[in-house]
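Subject: Structure handover and notes

Dear colleague,

I am passing on the structure that we spoke about, and my notes on it follow below. Please read them with the model open beside you.

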Amino acid sequence: MIPDSFKQDLLNRIDIVEVVGRYVQLKKGGANFMGLCPFHSEKTPSFTVSPAKQFYHCFGCQKHGNAIGFLMEYGGMGYVDAIKDLASQVGMQVPEWQPRTPEEAQRKERETGLVPVMEKAMEFYRDELKKSPRAIEYLKGRGLEGRTAGRYGIGYAPDDWQALKGAFPAYEDAALVECGLVIANEGKRYDRFRDRVMFPIFSARGAVIGFGGRVLGAGEPKYLNSPETPLFEKGRELYGYAQAADAIRAARRALVVEGYMDVVALAQFEVGYAVATLGTATTPVHVAKLLRVADEIVYSFDGDAAGRKAAWRALEVSLPLATDAKPMKFLFLPEGEDPDTYVRRHGKDAFERLVREAQTL
């Protein structure tokens, strides 16, 4: 844990007006600075920043806090990342994290060792995509451009039981099983993902923590996700969040869709604020994570029974977190349409019009 003494020393050196001013246009007003609140829509400034007290406060939505809190609330950063960001601005070195228990130390060591394995697997899958005309044709048939595939790190897992031997000569390494890349069963080892288009799942910091693999043709399951690992917890992560975070902050809106291809297709059509849950229902952690950077969440699910069931689950977990200042909305597309097909058929403007007209909770 970061010592409180370090945090206090950091806050004493930081100028909150400068920190907030990177994101909000501020004007001097008496002893304080004022601007339009970044946490809710307003036309008359009610957001103040006090250089004397080193905190911000909005008289409209009641948001308030110090510089660390601002980066967490507006920037969507975690506590440690916010402190590191501020410390780098004033040349302070953040004390190294020290585990409190042997279990914590072991977990941290495992996580640190697994990230390079996942990065190497992603590069292997990306290289394999270049060698697979069938996978390339599939993505082209879905309207995907090379630049978009590159931005999302999309690759291909060959139709081979042990293709990862090409990237990991030490195929017996336990880390491959711990990452969820390889399955060990009754003395046999084989790749979890075979003959699938591979979508890397990134953490908010941009590290590869899991994969989602989609079949090229018929087959079940259509999507196969990484299992729970020391790096990856489905109920906490969102596909596309690392790429969408800036667009969500700019639009002050997050769009939650069902499929990875929906996220990628929308981004290609410059609807960059979409994310998807990872083969699980929406959780309170997902909602809280998005509300840190967005003023509203719009859920877009298929209009069939499964889509409405998913919407009802999203409604249930959103209710306790919904406020007048941060509404939750639901968009049901016409029968047979999903965000991917709709935006290709009707274009960005038509799709965003539907998003704006989505039903409130």
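Before the helix pairs, a word on terms: an axis here is a line fitted to C-alpha atoms, for helices over the stretch in contact, and angles run from 0 to 180 degrees between N-to-C directions. Helices (H or I, at least four residues) and strands (E, at least two) are DSSP runs, numbered from the N terminus. Contact means heavy atoms within 4.5 Å.

Please keep in mind that this is a predicted model, in which local features need pLDDT of at least 70 and side-chain atom pairs count only at pLDDT 80 or more, while totals for chains, interfaces and linings use all residues. Residues are numbered from 1 along each chain as its sequence is written, and side-chain values use heavy atoms, with hydrogens and water left out.

Helix pairs

Helix H13 (residues 339-346) and helix H14 (residues 348-356) pack with their axes 6 Å apart, at an angle of about 130°. H13 and H14 are therefore oblique to each other, given that angles under 35 degrees count as roughly parallel, over 145 as roughly antiparallel, 65 to 115 as roughly perpendicular and the rest as oblique. On the H13 side the residues are Pro339, Tyr342, Val343 and His346, and they meet Lys348, Ala350, Phe351 and Leu354 of H14.

H13 also packs with H10, at an angle of about 25° and with the axes 8 Å apart, and H10 and H13 are therefore roughly parallel to each other. Their crossing is left-handed, a term used if the near helix is turned anticlockwise from the far one by less than a right angle (right-handed if clockwise). Met261, Asp262, Ala265, Leu266 and Gln268 of H10 make this contact with Pro339, Asp340, Val343 and Arg344 of H13.

For helix H1 (residues 4-13) and helix H4 (residues 79-89), the axes come within 10 Å and cross at roughly 45°, and H1 and H4 are therefore oblique to each other. The crossing of H1 and H4 is left-handed as well, and the contact involves Phe6, Lys7 and Leu10 from H1 together with Tyr79, Ile83, Leu86 and Ala87 from H4.

Cores and buried residues

Two more terms are needed here: buried means under 20% relative accessible area, exposed over 50%, and partly exposed in between (1.4 Å probe, protein chains only), while a nonpolar core is a set of buried Ala, Val, Leu, Ile, Met, Phe, Trp, Tyr and Cys residues joined through side-chain atoms within 4.5 Å. The largest nonpolar core has 84 residues, and Tyr125, Leu181, Phe211, Tyr239 and Phe351 are the members that touch the most others. Helix H5 (residues 102-130) gives the largest share of this core, eight residues. Another core, of 29 residues, lies apart from it and has among its members Ile14, Val24, Cys37 and Val49.

Setting aside residues up to four places away in sequence, Phe351 touches Leu255, Leu266, Val271, Leu331, Leu333, Pro339, Tyr342 and Val343. Ser300, placed in strand S14 (residues 296-301), is buried, with a relative accessible area of 1%; beyond its neighbours within four places in sequence, the contacts of Ser300 include Leu255, Leu331, Leu333 and Pro339.

In helix H11 (residues 284-291), the buried residues are His286, Val287, Lys289, Leu290 and Leu291, and what covers them includes helix H9 (241-251), helix H12 (305-318) and S14.

Asn225, found in strand S11 (residues 223-225), counts as buried at 13% relative accessibility. The side chain of Asn225 makes a polar contact with the side chain of Tyr260 (2.6 Å), where a polar contact is a pair of N or O atoms within 3.5 Å; within protein, one must be able to donate a hydrogen and the other to accept it, and residues adjacent in sequence count only if both atoms are side-chain atoms. Asn225 and Gly279 are 54 residues apart in sequence, and C-alpha to C-alpha they are 7.1 Å apart in space.

The peptide bond from Glu220 to Pro221 is cis, with omega near -10°, and Pro221 lies in the loop between strand S10 (208-215) and S11. Asp195, although not a glycine, has a positive phi of about 55°, and Asp195 is buried, with a relative accessible area of 18%. Glu270 likewise is not a glycine and has a positive phi, of about 65°, but Glu270 is exposed, with a relative accessible area of 60%.

With best wishes
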